[in-house]
Amino acid sequence: MAEKVSKPKTGIFSGSFNPIHIGHLALANYLCEYEGLDEIWFMVSPQNPLKTQAELWSDELRLQLVGLSISDYPRFQVSDFECHLPRPSYSVHTLEKLREAYPEREFHFIIGSDNWTRFDRWYQSERIIKENQIIIYPRPGFPVNEEELPETVRLVHSPVFEISSTFIRKALDAGKDIRYFLHPKVWEAIKALRNT
(Lines give C-alpha, C1' and ligand atoms only; values in the text may rest on other atoms or scores of the structure.)
Protein backbone atom coordinates (compact mmCIF):
# COMPACT_ATOMS: atom_id res chain seq x y z
CA MET A 1 0.00 0.00 0.00
CA ALA A 2 1.39 3.41 -1.01
CA GLU A 3 2.47 5.63 1.85
CA LYS A 4 0.38 8.77 2.23
CA VAL A 5 2.47 11.78 1.27
CA SER A 6 1.84 14.72 3.56
CA LYS A 7 0.96 17.93 1.77
CA PRO A 8 3.00 21.07 2.37
CA LYS A 9 1.23 23.24 4.94
CA THR A 10 0.72 26.64 3.32
CA GLY A 11 -0.47 29.54 5.42
CA ILE A 12 -2.65 32.08 3.63
CA PHE A 13 -2.02 35.49 5.17
CA SER A 14 -4.57 37.64 3.41
CA GLY A 15 -4.67 41.38 3.85
CA SER A 16 -4.44 44.83 2.36
CA PHE A 17 -0.77 45.17 3.41
CA ASN A 18 -1.25 48.90 2.98
CA PRO A 19 1.75 48.86 3.51
CA ILE A 20 3.35 45.69 4.86
CA HIS A 21 5.27 46.31 8.11
CA ILE A 22 7.45 44.41 10.58
CA GLY A 23 4.41 43.27 12.57
CA HIS A 24 3.15 41.29 9.56
CA LEU A 25 6.60 39.88 8.87
CA ALA A 26 7.42 38.90 12.46
CA LEU A 27 4.06 37.15 12.87
CA ALA A 28 4.48 35.19 9.64
CA ASN A 29 8.06 34.32 10.63
CA TYR A 30 6.77 32.98 13.99
CA LEU A 31 4.07 30.87 12.30
CA CYS A 32 6.65 29.21 10.05
CA GLU A 33 9.25 28.61 12.75
CA TYR A 34 6.99 27.67 15.68
CA GLU A 35 3.56 26.59 14.43
CA GLY A 36 4.34 23.98 11.80
CA LEU A 37 3.67 25.90 8.59
CA ASP A 38 6.02 25.08 5.71
CA GLU A 39 5.41 28.37 3.92
CA ILE A 40 3.26 31.47 3.98
CA TRP A 41 1.70 33.20 1.02
CA PHE A 42 1.09 36.91 1.52
CA MET A 43 -2.22 37.26 -0.32
CA VAL A 44 -2.58 40.93 -1.25
CA SER A 45 -6.30 41.80 -1.28
CA PRO A 46 -7.39 44.04 -4.15
CA GLN A 47 -10.45 45.28 -2.27
CA ASN A 48 -11.71 44.47 1.20
CA PRO A 49 -15.53 44.58 1.17
CA LEU A 50 -15.36 46.40 4.54
CA LYS A 51 -12.86 49.10 3.42
CA THR A 52 -13.22 51.93 0.96
CA GLN A 53 -11.07 51.76 -2.16
CA ALA A 54 -9.81 55.34 -1.62
CA GLU A 55 -7.77 54.29 1.45
CA LEU A 56 -5.82 51.72 -0.54
CA TRP A 57 -2.45 52.20 -2.20
CA SER A 58 -2.39 50.67 -5.70
CA ASP A 59 -2.38 46.88 -6.02
CA GLU A 60 0.92 47.07 -7.91
CA LEU A 61 2.67 49.09 -5.20
CA ARG A 62 1.42 46.92 -2.35
CA LEU A 63 2.50 43.75 -4.20
CA GLN A 64 5.89 45.30 -4.97
CA LEU A 65 6.49 46.26 -1.32
CA VAL A 66 5.50 42.79 -0.05
CA GLY A 67 7.85 41.25 -2.62
CA LEU A 68 10.72 43.48 -1.50
CA SER A 69 10.18 42.68 2.18
CA ILE A 70 10.12 38.88 1.81
CA SER A 71 12.74 38.34 -0.89
CA ASP A 72 15.41 36.98 1.47
CA TYR A 73 13.29 34.43 3.41
CA PRO A 74 12.60 31.35 1.26
CA ARG A 75 9.44 30.28 3.11
CA PHE A 76 7.53 33.45 2.20
CA GLN A 77 5.83 34.17 -1.14
CA VAL A 78 3.85 37.12 -2.42
CA SER A 79 0.62 36.21 -4.17
CA ASP A 80 -1.62 38.23 -6.48
CA PHE A 81 -4.05 35.30 -6.72
CA GLU A 82 -6.94 37.33 -5.33
CA CYS A 83 -6.30 40.16 -7.79
CA HIS A 84 -7.47 37.84 -10.59
CA LEU A 85 -10.77 36.91 -8.92
CA PRO A 86 -14.08 38.79 -9.26
CA ARG A 87 -14.44 41.77 -6.92
CA PRO A 88 -15.22 42.34 -4.19
CA SER A 89 -13.15 39.36 -3.11
CA TYR A 90 -14.64 37.15 -0.42
CA SER A 91 -12.44 34.77 1.54
CA VAL A 92 -14.77 31.81 1.01
CA HIS A 93 -14.32 32.09 -2.78
CA THR A 94 -10.56 32.73 -2.59
CA LEU A 95 -10.02 29.63 -0.44
CA GLU A 96 -12.23 27.51 -2.71
CA LYS A 97 -10.29 28.62 -5.80
CA LEU A 98 -6.95 28.01 -4.05
CA ARG A 99 -7.91 24.42 -3.22
CA GLU A 100 -8.94 23.87 -6.85
CA ALA A 101 -5.73 25.42 -8.24
CA TYR A 102 -3.31 23.78 -5.78
CA PRO A 103 -4.72 20.40 -4.69
CA GLU A 104 -1.21 19.32 -3.64
CA ARG A 105 -1.17 21.83 -0.75
CA GLU A 106 -2.90 21.96 2.63
CA PHE A 107 -4.03 25.53 3.21
CA HIS A 108 -4.30 27.23 6.60
CA PHE A 109 -6.17 30.54 6.68
CA ILE A 110 -4.55 33.07 9.06
CA ILE A 111 -6.68 35.70 10.81
CA GLY A 112 -6.38 37.97 13.84
CA SER A 113 -8.47 37.50 16.98
CA ASP A 114 -10.13 40.86 16.20
CA ASN A 115 -11.50 39.35 12.99
CA TRP A 116 -12.47 36.13 14.76
CA THR A 117 -14.73 38.06 17.17
CA ARG A 118 -16.77 39.31 14.20
CA PHE A 119 -16.28 36.29 11.97
CA ASP A 120 -20.02 35.58 11.90
CA ARG A 121 -20.38 38.78 9.82
CA TRP A 122 -18.10 37.36 7.10
CA TYR A 123 -19.72 36.12 3.91
CA GLN A 124 -20.52 32.39 4.31
CA SER A 125 -18.46 32.22 7.52
CA GLU A 126 -19.81 28.79 8.53
CA ARG A 127 -18.70 27.34 5.21
CA ILE A 128 -15.20 28.80 5.66
CA ILE A 129 -14.94 27.09 9.07
CA LYS A 130 -16.29 23.80 7.74
CA GLU A 131 -14.06 23.60 4.66
CA ASN A 132 -10.76 25.11 5.91
CA GLN A 133 -8.10 25.00 8.60
CA ILE A 134 -7.99 28.36 10.39
CA ILE A 135 -5.20 29.82 12.52
CA ILE A 136 -6.05 32.71 14.86
CA TYR A 137 -3.29 34.97 16.15
CA PRO A 138 -3.81 37.25 19.19
CA ARG A 139 -4.62 40.93 18.86
CA PRO A 140 -4.73 43.25 21.90
CA GLY A 141 -8.18 43.57 23.45
CA PHE A 142 -9.70 40.61 21.56
CA PRO A 143 -9.41 37.51 23.77
CA VAL A 144 -10.43 34.12 22.36
CA ASN A 145 -11.86 31.24 24.37
CA GLU A 146 -9.90 28.26 23.05
CA GLU A 147 -12.34 25.74 24.53
CA GLU A 148 -15.14 27.06 22.33
CA LEU A 149 -13.25 26.88 19.04
CA PRO A 150 -14.51 24.59 16.25
CA GLU A 151 -12.39 21.56 15.38
CA THR A 152 -10.86 23.23 12.30
CA VAL A 153 -9.78 26.36 14.20
CA ARG A 154 -6.76 26.84 16.48
CA LEU A 155 -5.36 29.74 18.42
CA VAL A 156 -1.60 30.32 18.43
CA HIS A 157 0.23 32.15 21.18
CA SER A 158 2.44 34.34 19.03
CA PRO A 159 3.94 37.60 20.29
CA VAL A 160 1.53 40.53 19.94
CA PHE A 161 2.56 43.33 17.61
CA GLU A 162 0.69 46.59 18.14
CA ILE A 163 1.54 48.16 14.79
CA SER A 164 -1.03 49.00 12.14
CA SER A 165 -0.73 50.02 8.52
CA THR A 166 -2.92 53.03 9.36
CA PHE A 167 -0.31 54.20 11.89
CA ILE A 168 2.42 53.72 9.25
CA ARG A 169 0.55 55.74 6.61
CA LYS A 170 -0.21 58.59 9.03
CA ALA A 171 3.40 58.68 10.22
CA LEU A 172 4.66 58.79 6.62
CA ASP A 173 2.21 61.58 5.78
CA ALA A 174 3.50 63.52 8.80
CA GLY A 175 7.09 63.13 7.56
CA LYS A 176 8.18 60.86 10.42
CA ASP A 177 11.29 58.69 10.14
CA ILE A 178 9.81 55.28 11.00
CA ARG A 179 12.41 53.12 9.29
CA TYR A 180 12.44 50.51 12.07
CA PHE A 181 8.73 49.79 11.64
CA LEU A 182 9.34 48.66 8.05
CA HIS A 183 11.63 46.23 6.26
CA PRO A 184 14.70 48.24 5.13
CA LYS A 185 13.94 47.62 1.43
CA VAL A 186 10.34 48.82 1.92
CA TRP A 187 11.52 51.94 3.77
CA GLU A 188 13.96 52.76 0.95
CA ALA A 189 11.31 52.18 -1.75
CA ILE A 190 8.74 54.40 -0.01
CA LYS A 191 11.34 57.11 0.60
CA ALA A 192 12.33 57.01 -3.09
CA LEU A 193 8.68 57.27 -4.17
CA ARG A 194 8.07 60.26 -1.91
CA ASN A 195 11.14 62.05 -3.21
CA THR A 196 10.09 61.79 -6.86
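In what order do the 6 strands of the open sheet stand? The order is β3-β2-β1-β4-β5-β6, and the pairing is parallel. This is a predicted model.

**The sheet**

Two strands sit at the edges: β3 (76–79) and β6 (153–155). Each of them pairs on one side only. From one strand to the next, the twist averages 25°. Strands of a sheet pair through backbone hydrogen bonds, either parallel or antiparallel.

One pairing can be followed by residue. Strand β1 covers residues 9–15, and strand β4 covers residues 106–112. The two pair in the parallel sense over 5 bridges. Phe13 has its bridge partner in β4, and that partner is Ile110.

**The helices on the sheet**

Helix α2 packs on the sheet, where α2 touches β2 (39–44) and β3. Helix α3 lies across β1, β2 and β4. The table gives the angle of each helix to one strand.

| Helix | Residues | Strand for the angle | Angle |
|---|---|---|---|
| α2 | 59–70 | β3 | about 170° |
| α3 | 91–101 | β4 | about 160° |

**The cysteines**

How many disulfides does the structure hold? The count is 0. A disulfide is a covalent bond between the sulfur atoms of two cysteines.

Are Cys32 and Cys83 buried or exposed? Cys32 has 3% relative accessibility, so Cys32 counts as buried. Cys83 has a relative accessible area of 17%, and is therefore buried too. The cut-off behind both calls is under 20% relative accessible area.

Note on methods:
Residues numbered from 1 in each chain as written. Predicted model: local features only at pLDDT ≥ 70, side-chain atom pairs only at ≥ 80, totals over all residues. Heavy atoms only, no water. Disulfide = S-S within 2.5 Å. Buried < 20%, exposed > 50% of the residue type's maximum accessible area, 1.4 Å probe, protein only. Pairing = 2+ DSSP bridges. Helix = DSSP H or I, 4+ residues; strand = E, 2+ residues; numbered from the N terminus. Axes fitted to C-alpha atoms, helices over the stretch in contact; angles between N-to-C directions. Contact = heavy atoms within 4.5 Å.
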